[in-house]
Amino acid sequence: ISKALVVQYEVEATIVGELGDPVVGERKECQKMIRLKSLNAHTDTSSLARKVVEECRLIHPSKLREVEQLLFYLQNRKHSNDSQEKKRVSPRDFAPYAGVELDEEASINSIDEYVELLYEDVQEKIRGATLIFHLARNPDNLEELMQNDKTYFLIYFSSLSLYEFHGLVTHFKIGALCMNIIEHELKRFDLWQEELQKKKKAYILFLRNQNLKKEHEKSFRKYQSLLSKQEQLLKVALCLLLNLAEDTHTELKMRNKNIVHMLVKILDREDEELLLVVVSFLKKLSIFMENKNDMAETFAVEKLARLVPCEHEDLLSTTLRLLLNLSFDTLLRSQMVQAGLVPKLSSLLADEGQRQLSMCILYHISVDDRFKSMFADTDCIPQLMKMVFDSAEEKMDVELISLCINLAANKSNAQVICQGNGLKMLMKRAVKLKDVLVMKMIRNLSQHNGPTKSLFLDHVGDLAAQISEEEAEEFVIECLGTLANLTIADLDWALVLKEYNLVSYLKDRLKPGCSAEDDLILEVVIMIGTVSMDDSCAAMLAKSGIIPALIELLNAQQKDDEFVCQIIYVFYQMVFNKTTRDVIVKDTQAPAYLIDLMHDNNAEIRKVCENTLDIIAEYDEEWGKKIQTEKFRWYNGQWLEMVENRLMDEAGEPFLYGEDGESFIGNADIMERPDLFYSADGIISADGAISPEFYTDFQNGELGPTGYMSRYLPPQT
């Protein structure tokens with residue numbers, strides 16, 4: 001049924017002369033189209049005719065009968081199926097955009113129906129968009145189309161951008177036009193806000209002025225109306241751009257026009273549907289580093305934080321996905337913490353629909369040691385522990401246990417985890433299910449001194465019982481690591497080693513050709529270092545022949561700093577005990593290895609070496625001299641080289657070389673000619689020998705540098 005009635009009328013324009021007589025007369029035929037949206041097969045045409053006559057001043061009441069007849073005709077008329085009467089709209093040839101032809105006639109009278117089709121399913125969207133497209137290609141329809149809200153046309157182009165019409169939309173630069181529209185609308189919004197604020201301030205300043213109050217209320221109502229229309233326009237424009245952004249080249253153009261800054265600015269709006277489009281767009285853009293950096297600069301996280309939580313499920317889920325993308329960046333994680341997202345995300349763990357995303361974001365935040373302690377003041381840890389215990393014998397989510405492992409590395413969090421029967425329940429699950437990840441969490445808990453570590457006294461036996469060849473290596477590694485952390489004074493390590501026959505297990509792992517992984521061997525070394533703090537354990541290990549095995553392992557792993565440092569730490573623990581010290585000093589070449597490592601590039605290795613050598617030097621005079629001489633050589637190597645090769649007297653004559661250029665000391669070590677170092681003015685020993693002890697006395701202030709060689713004395717030993 002056609003739903004339009006055309007009224008034709010004439011307009012006469014007359015020019016009047018000076019005397020009031022008409023000089024020129026002109027007539028122009030016009031027409032007005034009256035839309036009949038309510039006309040259908042069941043409409044009362046008499047009532048509709050009266051309504052048309054009343055509302056249209058161009059129709060004289062005497063024409064009521066004719067209008068009623070026309071309406072009756074329109075109501076009962078059927079479209080002819082004759083192919084000669086049916087007209088297809090195809091005014092121009094758009095070969096590159098095939099697929100937009102129609103088997104039905106596009107009528108301007110049905111524009112509202114076509115717009116409604118854009119809100120239906122996919123096939124109807126395509127049909128509606130194509131019909132509007134055909135109307136727009138006819139110049140005669142443009143004036144009528146322009147009378148529609150401009151949002152309709154953005155909806156139309158947005159619909160085109162959903163499907164195979166990207167080329168068409170790009171060809172006519174609709175994307176660039178939308179960017180300009182968004183930029184313009186954002187500027188208008190700022191002007192509205194500024195104007196509204198001015199009127200609000202004037203109203204507040206003159207509270208008794210009712211006119212100002214009414215003006216402010218009127219402006220506010222107008223602002224709300226304009227804002228609603230603008231947000232609808234922005235939503236459609238952004239949908240179009242979001243679809244076009246599927247092409248990365250087009251997306252780059254948008255980025256160059258500051259699309260990220262525009263989107264972040266729109267995040268201040270309240271319309272949830274508009275926010276959903278904005279957040280979805282930001283999520284898509286966030287996968288590229290440049291866009292992510294723009295979001296960091298514009299503090300997008302701070303604005304996103306207010307959307308967590310929110311009642312709109314899709315908006316909340318999309319916001320969390322965007323935050324997850326951003327949480328890979330250290331700076332943005334810091335902004336999330338500052339925006340107070342840790343407690344907000346923790347509260348979402350109770351929401352099964354958002355739990356996974358919230359947990360992943362919290363995991364990324366927990367990676368940074370600076371933020372681990374913030375979890376202790378939220379309800380995050382109790383909820384996580386409940387999830388762990390509720391999983392029973394089922395396999396836990398990797399995200400859940402990974403977050404727990406990270407949090408367990410903080411002392412405050414560890415205390416919360418171990419409250420009540422927390423540690424006991426974790427141990428029970430780990431031992432029963434041989435759960436490596438839960439044992440890794442327990443290992444992190446065991447590293448904290450204080451009340452937490454003392455709780456492990458009840459579980460030493462359970463841990464030691466897991467150390468055997470029958471158990472999986474990765475599980476044994478975590479058990480060994482946990483035991484190695486238990487530096488507790490009340491723990492009788494000798495009893496543990498004997499009861500669980502651990503000495504033979506530890507020694508077998510150190511033998512050459514052992515098939516164990518390096519990670520397991522390293523944990524064995526660390527375990528030996530821990531138990532060596534007990535004198536009786538150190539003696540037991542020394543008698544078993546572990547020390548030579550450690551030296552052999554040191555040779556094999558000399559390029560691995562972690563191995564070297566841990567083996568040296570074992571020696572450091574053992575030199576405190578006389579029995580093990582004698583074995584190390586007299587029966588092995590361990591001191592010589594330590595001297596070589598005293599100048600290693602690794603600062604930790606140098607520190608442990610020096611501490612160990614100082615203890616050896618204190619108890620063994622012979623090694624003490626060697627160690628002191630080596631330290632002297634190292635600290636004063638540059639000075640010794642200068643003395644040996646370039647020393648000159650005050651007159652500039654050669655001092656160490658004869659007239660023939662030969663050295664007085666030949667190829668001998670200069671350390672064997674102390675008489676060449678100093679003059680006989682009271683600073684050389686009586687027997688003519690000199691040793692590094694001289695420098696010790698010098699540093700203690702017992703000697704003073706005098707004579708010719710004073711300026712060459714080394715600064716330290």
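Modeller: Proline 309 sits in the loop that joins α14 (300-304) to α15 (313-326); helices here are DSSP runs of H or I with at least four residues, and strands are runs of E with at least two, numbered from the N terminus. The peptide bond leading from valine 308 into proline 309 is cis, with omega near -5 degrees. The model is a predicted one, in which local features need pLDDT of at least 70 and side-chain atom pairs count only at pLDDT 80 or more, while totals for chains, interfaces and linings use all residues. Residues are numbered from 1 along each chain as its sequence is written, and side-chain values use heavy atoms, with hydrogens and water left out.

Phenylalanine 299 is not a glycine, yet its phi is positive, near 55 degrees. Its relative accessible area is 46%, which makes phenylalanine 299 partly exposed (buried is under 20%, exposed over 50%, partly exposed in between, with a 1.4 Å probe and protein chains only). A positive phi, near 50 degrees, also occurs at asparagine 501, in the loop between α28 (493-499) and α29 (502-510).

As for packing, the largest nonpolar core has 159 residues, and Leu238, Leu241, Phe281 and Leu510 touch the most other members. Such a core is a set of buried Ala, Val, Leu, Ile, Met, Phe, Trp, Tyr and Cys residues joined through side-chain atoms within 4.5 Å. A second, separate core of 12 residues includes Val53, Cys56, Val67 and Leu74.
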